[in-house]
Amino acid sequence: MSALPHSQPSFRPMTEQDLSAVMRIEPTIYSHPWTLGNFKDSLNAGHSAWVMELAGELVGYALVMMVLDEAHLLNISVAKPFQGQGLGRALLAQMIAISRRYQAANMFLEVRVSNTSAIALYEAVGFCEMGIRRNYYPTKSGREDAVLMGLAL
């Protein structure tokens with residue numbers, strides 16, 4: 001996995017055929033990754049699921065659950081070799097644009113309090129901290145709080 005310095009990401013809806021590539025990425029970036037069943041359930045529920053490709057290679061993905069006029073970002077991920085290149089920001093912008101097309105008024109997400117790089121990205125695009133969800137995420141030795149963040153669309 002290596003990106004060409006000048007290649008631009010492309011986006012398309014996620015299909016079940018993408019799940020093997022997604023499952024190669026997911027456990028390499030999360031201590032408690034989503035399971036194949038989680039992804040299948042999300043696709044079957046009709047969540048807005050997208051993949052990001054560089055030169056035809058799947059390097060990221062994101063899923064948003066739409067409920068009435070709210071978009072809830074369930075998962076946004078960029079493969080480790082491609083992190084730090086602005087691709088997470090591009091993928092997030094894509095999911096915000098899609099949520100606007102669905103006429104969502106707000107987008108919400110949870111993020112581990114320890115994930116300072118993700119928090120910084122969300123703040124940079126306008127998300128605000130709305131609260132803390134205590135003991136939201138599992139850890140190797142217990143639970144970790146989540147920051148609940150929101151963005152007016």
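**Reading a predicted model**

Author: Let us begin with one residue. Gln94 has a relative accessible area of 16%, so it is buried, the cut-off being under 20%. The model is a predicted one.

Reader: How many helices and strands does the protein chain have, and in what order do the elements run?

Author: The protein chain holds four helices and seven strands. Read from the N terminus, the order is β-α-α-β-β-β-α-β-α-β-β. The radius of gyration is 15 Å, close to the 15 Å that the globule rule gives for 153 residues, so the protein chain is as compact as a globular protein of that length. The C-alpha trace spans about 40 × 40 × 30 Å along its principal axes.

Reader: What share of the residues is buried, and what share of the contacts joins residues at least 24 apart?

Author: Of the 153 residues in the protein chain, 42% are buried. Taking contacts between residues at least 6 apart in sequence, 61% join residues at least 24 apart. As for the surface, the protein chain exposes about 8100 Å², and 52% of this comes from carbon and sulfur atoms.

Reader: What is the volume of the largest pocket, and which residues are the closest to its centre?

Author: The largest pocket has a volume of about 1100 Å³. Its lining is made of 36 residues, and Tyr30, Ile76, Ser77, Asn115 and Tyr122 are the closest to the centre. The elements giving two or more residues to this lining are α1 (19-29), β4 (70-78), α3 (87-101), β5 (106-112), α4 (116-124) and β6 (128-139).

Reader: Which element gives the most to the lining of the largest pocket, and how do the lining residues divide into nonpolar, polar and charged?

Author: Strand β4 gives the most, with seven residues. By residue class, the lining has 17 nonpolar, 14 polar and five charged residues.

Reader: Which residue other than glycine has a phi near 50°, and which has one near 65°?

Author: Here one reads the backbone angle together with the place of the residue. Ala55 has a positive phi, near 50°, and its place is the loop between β2 (48-54) and β3 (57-67). Ala55 counts as exposed, at 69% relative accessibility. Gln103 also has a positive phi, near 65°, and lies in the loop between α3 and β5. With a relative accessible area of 66%, Gln103 is exposed.

Reader: How far apart are Val125 and Ala93 in sequence and in space?

Author: For such a pair, both distances are stated together. Val125 and Ala93 are 32 residues apart in sequence and 8.4 Å apart in space, C-alpha to C-alpha. Val125 is placed in the loop between α4 and β6 and counts as partly exposed, at 28% relative accessibility. Beyond residues up to four places away in sequence, Val125 touches Arg89, Leu92 and Leu151.

Conventions
Residues are numbered from 1 along each chain as its sequence is written. This is a predicted model: local features need pLDDT of at least 70, side-chain atom pairs count only at pLDDT 80 or more; totals for chains, interfaces and linings use all residues. Side-chain values use heavy atoms; hydrogens and water are left out. On a 1 Å grid over the protein atoms alone, a cavity is a set of points where a 1.4 Å probe fits but cannot get out, and a pocket is an open set with protein on both sides within 12 Å along at least five of seven lines; lining residues have an atom within 4 Å of a point. Grid points are joined across faces, edges and corners, and a volume is the space filled by probe spheres set on the points. Ala, Val, Leu, Ile, Met, Phe, Trp, Tyr, Cys and Pro count as nonpolar, Asp, Glu, Lys and Arg as charged, and the others, Gly among them, as polar. The radius of gyration is taken over C-alpha atoms; the globule rule is 2.2 Å times the number of residues to the power 0.38. Buried means under 20% relative accessible area, exposed over 50%, partly exposed in between (1.4 Å probe, protein chains only). Contact means heavy atoms within 4.5 Å. Accessible areas come from the Shrake-Rupley method with a 1.4 Å probe; for residues, only the protein chains shown count as cover.
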